[in-house]
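Open the model in your viewer and have the selection panel ready.

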Protein chains: 2
Amino acid sequence: MTRCTSAESYDEDEVPRVVESLNVEGRVLVQAPDGLKRIAREVADVLEARGCEVELDAGRVFGACDITPGTVVRTDHIVHIGHYPIPEVERQIRELGATVHFLPTHGRKRVEPWMAEEAVEVLHNLGIDRVNVCATAQYVADLELVSEILRESGIEPVIRPGDGRRVATPGLVLGCNFSALDTSLPTIVVCSGSFHPAGVAIRTNRPVVQIDPTKGVLDSEDVEDVIRRILAVRLSKIREFNREEGFEIVESTALGQRRPDVVRVLDRPTWRLRYLTEDALRSLRRRQCVFCGCPRVPVDEAARFKRWVLLNPAELAAVRAGWKEYRLDEIPTPEDVLNALRR
Amino acid sequence: MTRCTSAESYDEDEVPRVVESLNVEGRVLVQAPDGLKRIAREVADVLEARGCEVELDAGRVFGACDITPGTVVRTDHIVHIGHYPIPEVERQIRELGATVHFLPTHGRKRVEPWMAEEAVEVLHNLGIDRVNVCATAQYVADLELVSEILRESGIEPVIRPGDGRRVATPGLVLGCNFSALDTSLPTIVVCSGSFHPAGVAIRTNRPVVQIDPTKGVLDSEDVEDVIRRILAVRLSKIREFNREEGFEIVESTALGQRRPDVVRVLDRPTWRLRYLTEDALRSLRRRQCVFCGCPRVPVDEAARFKRWVLLNPAELAAVRAGWKEYRLDEIPTPEDVLNALRR
């Protein structure tokens, strides 16, 4: 499963420094994505030696959104390795009586100057002189290098803060939130995989160039090919959805994936779970489901769920409002999606 | 996965009657094993119509032990279908500020008189005239019929209450608790699968006859064959455990599977998770693990975890105390296990 992309590696030299700056005592839970569990164990050992009562979360963690109320119940502090904070999740955890400390990491692969230079060339060919520059969490640290090379080449980089409820640092795009973009501009996105570039393109409807530090540079035509494939699947799912037939609503228990606004509008008992799996859908015995957790899951993991008509709330809104209004779903939910769901 | 056996079916006529007697209001969470999710949906719809604010748990539920603190956080009442209560779990849920309502179910398959008669014949052949009679949750309702037929045949049935912290009704055996047995007696156990009969035999060290309503009657030699196979695997795992090599401790977040006594004795940071999976063990990158959740998992699911030396706490105690002291692990943890772990 690839949910919110998380750092696959960590600069180990950073660990002692980072832990030293951690001001925690009492009961501490340390959590990290699977690839960073070894680091979590090291951090736990250091905190234990300092007198904390430490537990380690062995569960999967796909993002800063992915902390459940149960994680918080028997803990004073959560040390969460590998993701940038989500401010509204921090707030919810505070309300539940604990404090969370996010320790973002960056991938071992970094943007190399030639990648930014190649992106510049693509932009020059397109006659673009002003561009959003954004990245997923593990490449946010590379935005500075990219901006510098753009500037030297006469292209103005725009790095905007996003919606303060979700986006902790300027230029960060999440699978569920693209608010850091100026939608009147083309975009350079630094990330791996094809979901985020597609998301940026759907959100802005402008050319997108991807710098993938693990692979190289993809120009806007490459990105458009990907979007076409994704949209073909989504539109077929939306058309397949039968309004006469019943459907189930499934929520996530992750604090940053709850969407009470959507659930309130849909107004009927919903299923809740931690991770959406095929087993879970099978046990519900219904072909049509709307997943109100991470809006990226039905889109990016469509292949896993192909036996079901699985939509996210914005796609259910498109069923009601017409498929021309297809839009990328986000958290917080856009008002027009809520309006379409009210019909 | 087959954890604590749960009813696979439900007498649907019971639903309206059972729900009518439910005295709940406010926020209600309805949960059920996968096979009973459809019933959970019906119960939710009735409660919703009555004005409750209902959510449905789409996650897997393997027993009354298997309720997490997170389940409780945003709920006033939990309606839990398919399992007998575990009193100490009820208490913990009360402490977390909610109330749980257990609605046990029984399987569609019931004990038929010929099965009990065949069991009687086996007992007569063994010269047994007094016997424990016990069952797993979905067959507890059949204990009466079995006892009656035994009595008519001159055999005295003994149905004892178990440890009041775990066992809600006389004659009930759980995968983690066999306290309802008089260990000086042979036993008739009504259940499917081979884990419980093996557990009874290891606990009592006396002949065990199984009535499996889905299959028929297994005599004590059949049961002993199964035990030999299970023990061969367990003893090889215990011998394989290398005391010089490090190991990880993994706890469950399920309220009825937490074992703070064991964790306190082992005295080091532990991993916690909801369900033990191969993915989780793989991410810990250690070959040796002690699982402190459901003690049945390492034993009954050994095939899933064969790449790891995965022990339960009683088995770790056997590593330290000698394999001759192999005993079936239980919750609450027996004192001799804790003593061996302290060495």
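Select B:Glu240. In this predicted model, B:Glu240 has a relative accessibility of 40% and counts as partly exposed.

Next, move to chain A and select A:Arg282 and A:Asp279. Their side chains form a salt bridge, 2.9 Å from N to O. Here both partners lie in one helix, H10 (residues 278-284) of chain A, three residues apart, which is about one turn of the helix. A:Arg282 is partly exposed at 40% relative accessibility, and A:Asp279 is partly exposed at 35%.

Stay in chain A and go to helix H2 (residues 37-49), which holds both A:Glu42 and A:Arg38. The two are four residues apart, about one turn of the helix. They form a salt bridge in which the closest N and O atoms are 3.9 Å apart. The cut-off for such a pair is 4 Å, so this one counts. Is A:Arg38 buried, partly exposed or exposed? A:Arg38 is partly exposed, with 36% relative accessibility; A:Glu42 is partly exposed too, with a relative accessible area of 30%.

For a view that takes in both chains, select A:Asp34, A:Lys37, A:Arg60, B:Asp279 and B:Arg282 together. These residues are linked in a network of salt bridges. How many salt bridges does a search of the whole structure find over all chains? The search finds 56.

The last stop is a group of like charges. Select A:Glu117, A:Glu144, A:Glu148 and A:Glu152, which form a negative surface patch. Which helix gives the most to the negative patch? Helix H6 (residues 143-152) of chain A does, with three residues. A:Glu117 comes from helix H5 (residues 113-126) of chain A. At 44% relative accessibility, A:Glu117 is partly exposed. Patch members must have over 30% relative accessible area and no salt bridge, so the residues in this selection are ones without such a partner.

How values were computed. Residues numbered from 1 in each chain as written. Chains lettered and ligands numbered in written order. Predicted model: local features only at pLDDT ≥ 70, side-chain atom pairs only at ≥ 80, totals over all residues. Heavy atoms only, no water. Patch = residues over 30% accessible without salt bridge, like charges linked within 9 Å, V, L, I, M, F, W, Y side chains within 5 Å. Areas by Shrake-Rupley, 256 points an atom, 1.4 Å probe, with all protein chains shown as cover. Lys, Arg positive; Asp, Glu negative; His and termini not counted. Charge placed at Lys NZ, Arg CZ, Asp CG, Glu CD. Buried < 20%, exposed > 50% of the residue type's maximum accessible area, 1.4 Å probe, protein only.
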